[in-house]
Amino acid sequence: MDSVHKGILKKFEYLKGQLIIGKKEIKGQNSTDRLSPDSFVPEKHMLHDLIRGFYKPAGKPYLLSYQATESEDNYGKQIIWKNENKAEFIRIEMAPPNSPKDNRKKSDIDAARYNLINNIPIGILRKVKKGHNIILGLGKITSEREDGIFIIEPFSYNELKKENLKKLEEIIEELDEIEVINTSVFREVIQRQGQNRFKRTLLKRSNNCALCEIEEPFLIASHIKPWNKCTDAERLNSNNGLLLCPNHDMLFDRGYITFDEHGLIKISSKLPEIIKLKMGIKEDTTIFINLQMKEYMKWHSQYQFKK
Ligand SMILES: [Zn+2]
């Protein structure tokens with residue numbers, strides 16, 4: 001699907017429920033005009049040509065949009081409503097042109113079948129009266145009946161996105177280590193789910209602050225190499241984590257303390273003696289550090305630690 005096509009479909013979804021009077025916002029002012037590029041569509045475009053029910057853009061194999069009507073002089077009632085006031089339909093019974101002389105009939109039907117087979121949504125307008133159209137959002141052609149009517153059911157990109165996110169969350173739950181995750185779809189999930197998973201993994205190792213006796217639910221899963229400097233895989237790698245109480249997390253995060261390759265604490269000269277004392281920071285403190293943690297800690301000592 002090209003960016004213009006996809007943009008137009010997104011625009012249909014966005015315009016759902018809106019009444020458009022006149023053709024200016026659907027196809028432009030004159031027959032040669034098009035709508036100007038906007039935040040949805042990068043080029044001049046049309047939502048529908050307003051000539052007939054089916055709109056198949058010239059040279060394209062698919063149906064872009066459909067103008068449904070409910071009047072007897074067209075095809076009768078085509079819209080089965082769920083809630084008419086909210087522009088929500090249960091299904092639309094899309095009738096192809098019925099005149100045998102109509103020379104675009106075949107290409108219209110072919111286009112509808114193309115959408116059906118390739119699972120491509122279409123935009124839906126409802127003509128309420130001459131020059132008055134309500135945008136019904138998006139639909140998907142789900143079947144072709146024996147009498148030639150195509151059945152359209154509602155479709156929404158937003159719901160698809162929600163469904164995908166749910167699936168991805170489940171996948172992430174199941175994975176133990178995630179090597180490379182670098183798509184924008186994953187990103188949203190990672191930020192929400194990743195932090196929880198990261199902490200749960202750390203809690204399997206220990207139930208208290210690495211430096212003191214404070215326990216859950218007062219612990220923070222701190223990243224050794226900071227979150228905003230990490231790749232997605234590093235963000236989820238539990239070897240890049242330390243469980244700390246809020247005070248010790250703050251000192252570590254701001255670089256007032258770090259640890260050497262043996263896990264021995266290094267205290268910044270910028271940390272006031274009195275705070276050191278009050279926060280229980282002692283020169284001989286050591287924490288457990290494994291081989292992989294060592295690499296992250298090296299980064300922390302070099303770039304985060306206030307020497
Ligand atoms: Zn602590």
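**The zinc site**

Begin with the zinc ion, whose donor residues follow the sequence spacing C-x2-C-x32-C-x2-H. This is a predicted model, in which local features need pLDDT of at least 70, side-chain atom pairs count only at pLDDT 80 or more, and totals for chains, interfaces and linings use all residues. Residues are numbered from 1 along each chain as its sequence is written, and side-chain values use heavy atoms, with hydrogens and water left out.

Select Cys209, Cys212, Cys245 and His248: their atoms SG, SG, SG and ND1 are the protein donors, lying 2.1 to 2.3 Å from the zinc ion. Donors are N, O and S atoms within 2.8 Å of the metal (3.2 Å for Na, K and Ca); water is not among the atoms, so sites may look incomplete. Why is the arrangement called tetrahedral? The four donor atoms subtend angles of 97 to 118° around the zinc ion, and four donors count as tetrahedral if all angles lie between 85 and 135 degrees. For comparison, the ideal angle for four tetrahedral donors is 109.5 degrees.

Cysteine 245 and histidine 248 are both buried; buried means under 20% relative accessible area, exposed over 50%, and partly exposed in between (1.4 Å probe, protein chains only).

**A loop residue**

Next, select phenylalanine 218, in the loop between H5 and strand S9 (220-223). Helices (H or I, at least four residues) and strands (E, at least two) are DSSP runs, numbered from the N terminus. Is phenylalanine 218 buried or exposed? Its relative accessibility is 56%, so phenylalanine 218 counts as exposed. Leaving aside neighbours within four places in sequence, phenylalanine 218 is in contact (heavy atoms within 4.5 Å) with Leu244, Cys245 and Pro246.

**Helix H6**

Move to glutamate 234 in helix H6 (residues 232-236). Glutamate 234 has a relative accessible area of 16% and is therefore buried. Among its contacts beyond four places in sequence are His223, Lys225 and Tyr296.

**The largest nonpolar core**

Now select Leu211, Leu242, Phe252, Ile257, Phe259, Ile281 and Met297, which touch the most other members of the largest nonpolar core, a group of 27 residues. A nonpolar core is a set of buried Ala, Val, Leu, Ile, Met, Phe, Trp, Tyr and Cys residues joined through side-chain atoms within 4.5 Å. Elements that each supply at least two residues of this core include helix H5 (184-205), helix H7 (246-253) and helix H9 (291-304). A second, separate core has 20 residues, among them Met94, Ile122, Ile124 and Ile152.

**Aromatic pairs**

The model contains five aromatic pairs. Rings of Phe, Tyr and Trp (its six-membered ring) pair if their centres lie within 6.5 Å; planes under 30 degrees apart count as stacked, over 60 as edge-to-face and the rest as tilted. Select phenylalanine 155 and tyrosine 157, an edge-to-face pair at 5.1 Å centre to centre with 85° between the planes. Then select phenylalanine 252 and phenylalanine 259: their centres are 6.1 Å apart and their planes stand at 40°, so this pair is tilted.

**Charges over rings**

Finally, select lysine 10, whose charged end sits over the ring of tyrosine 157, 5.0 Å from the ring centre. A charge sits over a ring if NZ of Lys or CZ of Arg is within 6 Å of the ring centre and within 35 degrees of the ring normal. Lysine 306 lies over the face of tyrosine 256, at 5.1 Å from the ring centre.

Technical notes:
Tetrahedral: all angles 85-135°; square planar, octahedral: opposite > 155°, others 65-115°.
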